[in-house]
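Work through these exercises with the structure open beside you. Try each task before you read its solution.

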Amino acid sequence: MGFTVFYLSAIVLIPLAALVARPWEHGWNGFWETVLDPRVLAALRLSFGVAFAAAGVNVVMGVLVAWVLVRYDFPGRRLVDAAVDLPFALPTAVAGIALATIYAPHGWVGALVGPVGIKIAYTPLGIFIALVAVGLPFIVRAVQPVLQDFDAEVEEAALTLGAGPWQRASQVIVPAVTPAVITGFSLAFARAVGEYGSVIFIAGNMPMRSEIAPLLIVIKLQQFNYAGAASVGLAMLVLSFAALIVINMIQLAFARRGVR
Amino acid sequence: MRARAPTRPAGLGWLLIAAALAWLGLAILLPLASVFVEAFREGVPVFLAAFADPDAKAAIRLTLTVAVIAVPLNAIFGIAAAWAVTKFEFRGKTLLLSVIDLPFSMSPVISGLVWVLLFGANGWFGPWLEDLGIRVIFNVTGIVLATILVTLPFVARELIPLMQSQGTDEECAAITLGASGPRTFYLVTLPNISWALLYGVLLCNARAMGEFGAVSVVSGHIRGLTDTMPLHIEALYNDYQYASAFAVASLLAGLALVTLAAKSLLEWRFGGELARPTLPAGIK
């Protein structure tokens, strides 16, 4: 018990205290000047916006993958099931250089879409693709157990009462998986906001355009601007906690509606 | 209540399966395949040469060193934290749990940044330690600290739900029969959690060896000294030595595949003795 608290304080709490205390070195104004700098604002908007979009796409594709894995018996199902976790296990730097190479103008996919006029690598679209790849397992793993435990009799009852496939999906299954979907969404979103390794290789890192907030922290540290780096870090942390709280409240609202 | 068994797919089913597989192929399989293809693009000699490079050897050694320090520490912490949370009642338990989870919701870059704020040249304790001749940032110590912070929740997150569901009955029985605290732990608790512990350690290790963001902030990128494998990959890639970068990357990708295989084996063989993954509890 004592060890647990000591270890947590040394590894998590004291370092975090530094993050909370350091931004104010140049006063209240110093913090706001850093955070409201157009380049910082653009980076924060990009990080949070693309993370939101990627988590949104993953909701659709993640539910699809979870559905297929739970409902259908097809050859290689176990292998596919295990492969879903690969983005968890694959180091981000490895994923980063792989994605950058595939989607570069001469890469496997980049060369295909290039002639049509689509540029993926070194644009915000590239960041989006990297964040989609990173976030997919969160949704699948959140939804899968709920679908697995879903009471077959409820569905059969709906069928007997004359509900068509569309009605069964929208009125029976969707409400049941929604809380799990929201949980998965928030996990994927939180991960995507802070993601660094898999993004920086494909992003191009152009200020104001494709520069993510974590990279800005790294840049400020390289200039030994500790207060500035801590300001951006604190802003990211506060914003993502605020987002998670909002998502939590939405989930609570859903849960309450379900009880009624 | 009865869960529905998976069925043989019919028309629409095959369509959904095809869509799901295509998406997984694009998001997961394609990047993985490209790592191995690019690694051998310039032939086997270039692939092998990438590992003969002294800097690469140093990077592999450093990554192993960091994992050997960070993983056992977090395993011990994980056991202690799970023990404290599940076998005792105390106030502030929820708070403790949220603090354990904190590193999962933080950007890895922030997990590195906090150590620079403490021990960097302009950090709180940096100048003082510098006078004593101790360097933390741009040194192995900083890399270890950053790795410990990032991988802290893995073992604890795996053990807590399992030990919660096991309850304290067996421990109480052992204590009643006169076993001491440590004896109860070794003979009763540890055997009950051994597979889950292994599972947590496996995931913790994979992340420790592959961590990039947090480590890149504190390392200083001194080749042959403070470059871990992921950082060495970055350095090679930025030097346009793509084949070598992917060769080293293929080693880490291999580690990921082995981790995944071992994890699936544990789930399949000892699923009953692992915590039920109600959430993506393992790696979040």
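**Exercise 1. Describe the make-up of each chain.**
How many helices and strands does chain B have?

Solution. This is a predicted model.
Step 1. Count the elements in chain B: there are 13 helices and zero strands. Read along the sequence, the pattern is α-α-α-α-α-α-α-α-α-α-α-α-α.
Step 2. Do the count for chain A: it has 13 helices and zero strands.
Step 3. Take the dimensions along the principal axes. The C-alpha atoms of chain B fill a box of roughly 70 × 65 × 30 Å. For chain A the box is roughly 70 × 55 × 35 Å.
Step 4. Chain B has 284 residues, and 46% of them are buried. Chain A has 260 residues, of which 46% count as buried.
Step 5. Look at sequence separation. Take contacts between residues at least 6 apart in sequence. In chain B, 76% of these join residues at least 24 apart. In chain A, 78% of them do.

**Exercise 2. Locate the domains of chain B.**

Solution. 
Step 1. Read the bounds: domain 1 covers 8–34 and domain 2 covers 40–273.
Step 2. Take the distance between their C-alpha centres, which is 32 Å.

**Exercise 3. Describe the contact between the chains.**
How many residues does the contact take from chain A and from chain B?

Solution. 
Step 1. Count both sides: 79 residues come from chain A and 76 residues from chain B.
Step 2. Find the main contributor on the side of chain A. Helix H1 (residues 2–21) gives the most there, with eleven residues.
Step 3. Sort that side by residue type: 62 are nonpolar, nine polar and eight charged.

**Exercise 4. Explore the largest nonpolar core.**
Which residues have the most contacts inside the largest nonpolar core?

Solution. 
Step 1. Note the count: this core has 167 residues.
Step 2. List those with the most contacts inside it: A:Val94, A:Ile97, A:Leu131, B:Leu113 and B:Ala249.
Step 3. Check the domains of chain B. The core draws at least three residues from each of domain 1 (8–34) and domain 2 (40–273).
Step 4. Follow one residue. Set aside neighbours within four places in sequence. A:Ile97 then contacts A:Phe201, B:Ile233, B:Tyr237, B:Ala245, B:Phe246 and B:Ala249.
Step 5. In soluble globular proteins, nonpolar side chains tend to be buried together.

**Exercise 5. Examine helix H12 of chain B.**
Why is helix H12 (residues 229–238) of chain B described as largely enclosed by the rest of the structure?

Solution. 
Step 1. Count the buried residues. Eight of the ten residues are buried, so this helix is largely enclosed.
Step 2. Name them: B:Met229, B:Pro230, B:Leu231, B:His232, B:Ile233, B:Glu234, B:Leu236 and B:Tyr237.
Step 3. Find the cover. From chain A it includes helix H6 (92–103) and H11. From chain B it includes helix H3 (54–87), helix H10 (181–210), helix H11 (213–219) and H13.
Step 4. B:Tyr240 follows H12(B), and its phi is positive, near 65 degrees.

**Exercise 6. Classify B:Ala256.**
Is B:Ala256 buried or exposed?

Solution. 
Step 1. Count neighbours. The cut-off for buried is 20 or more other C-beta atoms within 10 Å. B:Ala256 has 23, so it counts as buried.
Step 2. List its contacts, leaving aside neighbours within four places in sequence. They are A:Leu86, A:Ala89, A:Leu90, A:Pro91 and B:Ala206.
Step 3. B:Ala256 and B:Gly210 are 46 residues apart in sequence, and their C-alpha atoms are 8.8 Å apart.

Methods. Residues are numbered from 1 along each chain as its sequence is written. Chains are lettered from A and ligands numbered from 1 in the order in which they are written. This is a predicted model: local features need pLDDT of at least 70, side-chain atom pairs count only at pLDDT 80 or more; totals for chains, interfaces and linings use all residues. A residue is buried if 20 or more other C-beta atoms lie within 10 Å of its own, exposed if 12 or fewer, and partly exposed in between; C-beta atoms are placed from the backbone. Two residues are in contact if their C-beta atoms, placed from the backbone, lie within 7 Å. Helices (H or I, at least four residues) and strands (E, at least two) are DSSP runs, numbered from the N terminus. Ala, Val, Leu, Ile, Met, Phe, Trp, Tyr, Cys and Pro count as nonpolar, Asp, Glu, Lys and Arg as charged, and the others, Gly among them, as polar. Domain bounds come from an automatic or database domain assignment. A nonpolar core is a set of buried Ala, Val, Leu, Ile, Met, Phe, Trp, Tyr and Cys residues joined through C-beta atoms within 7 Å.
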